[in-house]
Amino acid sequence: MRGLRRAIGLLIAVFALLSAPGLGRAETAFPTRTVKMIVPYPPGGGTDLLARVLAQRLSEKWKQSVIVENVGGAGGNVGAEQVYRATPDGYTLLFASPGPLATNVFMYKTMPYDVAKWTPLAVVATSPYVLVVSPHFAASDIAQVIADAKAKPGALTSATPGIGSLGQFATIEFEMLARVKLLQVPYKGLSPAIADVLGGNVNMMFDMLATALPLHKAGKEKIVAVGSTKRVAGLPDVPTLAEAGVSGYRAVTFFGLVAPPNMPDALADKINRDVVDCMKEAAFIDRTKALGMDLSPTSRADAAKFFADERTLWGKVASEAKLAPTE
């Protein structure tokens with residue numbers, strides 16, 4: 001009888017182990033159907049481009065379709081909320097730049113999700129913000145831009161891709177540290193903002209290197225300064241803003257992958273491992289470099305710290321600029 005009880009106890013223990021989060025057959029086999037990766041912005045921007053590179057590689061690795069769905073609105077909050085409220089089973093993920101992960105919380109009075117409760121999966125890449133000027137704008141270098149902005153406070157226009165975007169925060173940081181005043185013109189997405197800069201309707205904008213570099217090389221706009229702490233390899237003659245006299249300036253965007261709250265650790269760890277494996281492949285490295293991005297393979301813990309540090313940085317900018325959150 002004692003031996004029977006012991007055998008039954010062992011079976012119960014094994015069953016409990018197999019039923020534990022992350023150790024069941026369903027999660028071990030993940031994915032068994034299509035995975036949806038939501039980009040909370042319109043198509044065409046750097047976030048969308050990188051998401052599609054990652055989705056293609058994960059599709060090949062997982063032998064399942066990984067589709068990118070663009071759900072724009074409210075600075076990324078509309079798409080982000082859709083993911084936040086999804087089942088944390090790995091089949092709905094959010095691929096975003098800083099808005100939903102670091103800056104929107106300072107721009108909206110009411111947030112449809114708790115930014116601290118995402119399940120961090122990975123920081124996939126980083127890319128410096130750059131200051132670009134329209135080909136129709138008289139100023140062609142950063143010194144001229146600053147001089148014109150100081151001479152005509154509030155007269156020069158600067159496009160941003162939306163309320164709460166890092167482009168807006170990068171512009172505010174520039175105004176604070178350069179001691180100038182620009183007229184910010186918010187758009188519903190990156191593409192229309194770029195179009196108006198190219199067309200001369202707006203003087204300038206802070207954009208991601210990933211989207212600005214091809215236009216710069218084509219002569220359609222000019223990059224006059226970079227927001228990283230050191231010069232970009234592909235633009236050796238373009239100074240950093242700090243070198244141009246805007247001391248302490250730093251604006252670097254990132255591209256993060258997160259899941260809804262309460263995803264089982266084992267599943268989150270698996271997705272992180274698979275994403276990092278993709279990032280180590282030569283083809284993936286070459287593709288992201290062509291987009292002007294630096295890969296940032298991270299553990300889940302590193303990603304969580306990175307997102308928290310970014311919220312601290314931009315929270316300080318929001319506080320010092322006395323930004324008033326919108327409805």
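Trainee: Which residue forms a salt bridge with Arg-52?
Mentor: Asp-48 does, and the closest N and O atoms are 3.1 Å apart. A salt bridge here is a side-chain nitrogen of Lys or Arg within 4 Å of a carboxyl oxygen of Asp or Glu. Please note that this is a predicted model, in which local features need pLDDT of at least 70, side-chain atom pairs count only at pLDDT 80 or more, and totals for chains, interfaces and linings use all residues. Residues are numbered from 1 along each chain as its sequence is written, and side-chain values use heavy atoms, with hydrogens and water left out.

Trainee: Where do Arg-52 and Asp-48 sit relative to each other?
Mentor: They are separated by about one helical turn, because they are four residues apart in helix H3 (residues 46-62). Helices (H or I, at least four residues) and strands (E, at least two) are DSSP runs, numbered from the N terminus. In general, an α-helix has 3.6 residues a turn, so residues three or four places apart point the same way.

Trainee: And is Asp-48 buried or exposed?
Mentor: Asp-48 is buried, at 5% relative accessibility, while Arg-52 is partly exposed at 37%. Buried means under 20% relative accessible area, exposed over 50%, and partly exposed in between, using a 1.4 Å probe and protein chains only.

Trainee: How many salt bridges are there in the whole structure?
Mentor: The search finds 13. One of them joins Asp-265 to Arg-300, with the closest N and O atoms 3.6 Å apart. Asp-265 belongs to helix H10 (residues 265-279) and Arg-300 to helix H12 (residues 300-320), so this pair ties together parts 35 residues apart in sequence. Arg-300 counts as buried, at 19% relative accessibility.

Trainee: Changing topic: which residues touch the most other members of the largest nonpolar core?
Mentor: Phe-95, Trp-118, Phe-174 and Ile-271 do, in a core of 103 residues. Strand E4 (residues 119-133) supplies the largest share of this core, 10 residues. A nonpolar core is a set of buried Ala, Val, Leu, Ile, Met, Phe, Trp, Tyr and Cys residues joined through side-chain atoms within 4.5 Å.

Trainee: What is Phe-174 in contact with, leaving aside neighbours within four places in sequence?
Mentor: Its contacts (heavy atoms within 4.5 Å) include Ile-142, Ile-146, Phe-206 and Tyr-249.

Trainee: What about helix H4: which of its residues are buried?
Mentor: In H4 (residues 77-84), the buried residues are Asn-77, Gly-79, Ala-80, Val-83 and Tyr-84. They lie on the same side of H4, because they cover an arc of only 160° around the axis; the arc is that of the directions from the helix axis to the C-beta atoms. These buried residues pack against strand E1 (35-39), strand E3 (92-96) and helix H5 (98-103).

Trainee: Lastly, how many helices and strands does the protein have?
Mentor: It has 12 helices and 10 strands. Buried residues make up 51% of its 327 residues. Along its principal axes, the C-alpha trace spans about 95 × 40 × 30 Å.
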